[in-house]
Amino acid sequence: VQLVESGGGLVQAGGSLRLSCAASVSILKINMGWFRQTPGKQRELVAFISSGGTTNYADSVKGRFTISRVNARNTVYLQMNSLKSEDTAVYYCNAYSAPYNYWGQGTQVTVSS
């Protein structure tokens with residue numbers, strides 16, 4: 001399984017970005033998530049969407065970020081609004097279907113204050 005993220009970049013605080021994650025296989029039965037990591041810190045869950053469409057968010061992004069999926073396109077999105085400097089990180093797409101766990105290569109998001 002290959003996951004390819006896109007949509008990262010440099011944005012001013014208060015701005016928006018939309019990340020995309022395209023999978024090389026059908027994601028119909030796969031749970032998908034977005035994680036992020038900054039230097040010296042552990043990778044943390046940002047948002048999760050189950051194969052059935054149930055979503056969950058880190059407290060730090062609730063009300064600002066929205067995860068969605070379009071199974072027909074094998075793609076998951078992360079809409080990020082009201083971005084803050086503390087959202088700066090490398091964002092990784094994750095596909096999980098036990099016992100398999102796959103990661104994308106990551107996309108950098110930098111929020112300038």
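1. Two strands count as paired if DSSP finds at least two bridges between them. Ser68 and Tyr77 belong to such a pairing: Ser68 stands opposite Tyr77 in β8. The strands concerned, β7 and β8, are antiparallel and share six bridges. The model is predicted, and the points below should be read with that in mind.

2. The open sheet. Four strands make up an open sheet in the order β1-β3-β8-β7, and the pairing is antiparallel. The edges are held by β1 and β7 (65-70); each has a single partner strand, so one side of each lacks a neighbour in the sheet. On average, neighbouring strands of this sheet are turned by 15° against each other, direction ignored.

3. Strand β3. How much of strand β3 is buried? Of the seven residues in β3 (residues 17-23), five are buried, so the strand is largely enclosed by the rest of the structure. Strand β1 (residues 3-6) runs antiparallel to β3 and is joined to β3 by four bridges. Within that pairing, Glu5 stands opposite Cys21. Strand β8 (residues 75-80) also pairs with β3, again in the antiparallel sense, over six bridges. There, Ala22 stands opposite Thr75.

4. Thr75. Thr75 is placed in strand β8. Its relative accessible area is 8%; buried means under 20%, so Thr75 is buried. The side chain of Thr75 reaches the backbone oxygen of Arg73 at 2.8 Å. Leaving aside residues up to four places away in sequence, Thr75 touches Ser20, Cys21, Ala22, Ile27, Ser68, Arg69 and Val70.

5. The disulfide. The count comes to one disulfide. Cys21 and Cys93 form the link, with their sulfur atoms 2.0 Å apart. The pair links distant parts of the chain: Cys21 sits in strand β3 and Cys93 in strand β9 (residues 89-97), 72 residues apart. The angle about the S-S bond is -80°, and the link is left-handed. Are the two cysteines buried or exposed? Both Cys21 and Cys93 are buried. Cys21 is also the residue opposite Glu5, and one of the contacts of Thr75.

6. Salt bridges around Asp87. Four salt bridges are counted. One of them joins the side chains of Asp87 and Arg36, at 2.9 Å from N to O. This pair links distant parts of the chain: Asp87 is in the loop between β8 and β9, Arg36 in strand β4 (residues 31-37), 51 residues apart. Both Asp87 and Arg36 are buried. Asp87 has another partner in Arg64, with the closest N and O atoms 2.8 Å apart. Arg64 lies in the loop between β6 (55-57) and β7, and Asp87 in the loop between β8 and β9, so the pair ties together parts that are 23 residues apart in sequence. Arg64 is buried as well.

7. The network. Which residues are linked in a network of salt bridges? They are Arg36, Glu44, Arg64 and Asp87.

8. Asp59 and Lys62. These two residues also form a salt bridge, their closest N and O atoms being 3.1 Å apart. Asp59 counts as exposed, at 65% relative accessibility. Lys62 counts as partly exposed, at 48%.

9. The β4-β5 hairpin. Phe35 has Leu45 as its bridge partner in β5. Six residues lie between the strands of this hairpin, and Gly40 takes a positive phi near 80°.

10. The β5-β6 hairpin. Strand β5 is also joined to β6, by three bridges, and the two run antiparallel. Ile49 stands opposite Thr55 in β6. Here the hairpin has five residues between the strands, and Gly53 takes a positive phi near 100°.

Key
Residues are numbered from 1 along each chain as its sequence is written. This is a predicted model: local features need pLDDT of at least 70, side-chain atom pairs count only at pLDDT 80 or more; totals for chains, interfaces and linings use all residues. Side-chain values use heavy atoms; hydrogens and water are left out. Buried means under 20% relative accessible area, exposed over 50%, partly exposed in between (1.4 Å probe, protein chains only). A polar contact is a pair of N or O atoms within 3.5 Å; within protein, one must be able to donate a hydrogen and the other to accept it, and residues adjacent in sequence count only if both atoms are side-chain atoms. Contact means heavy atoms within 4.5 Å. A disulfide is a pair of cysteine sulfur atoms within 2.5 Å. Axes are lines fitted to C-alpha atoms, for helices over the stretch in contact, and angles run from 0 to 180 degrees between N-to-C directions.
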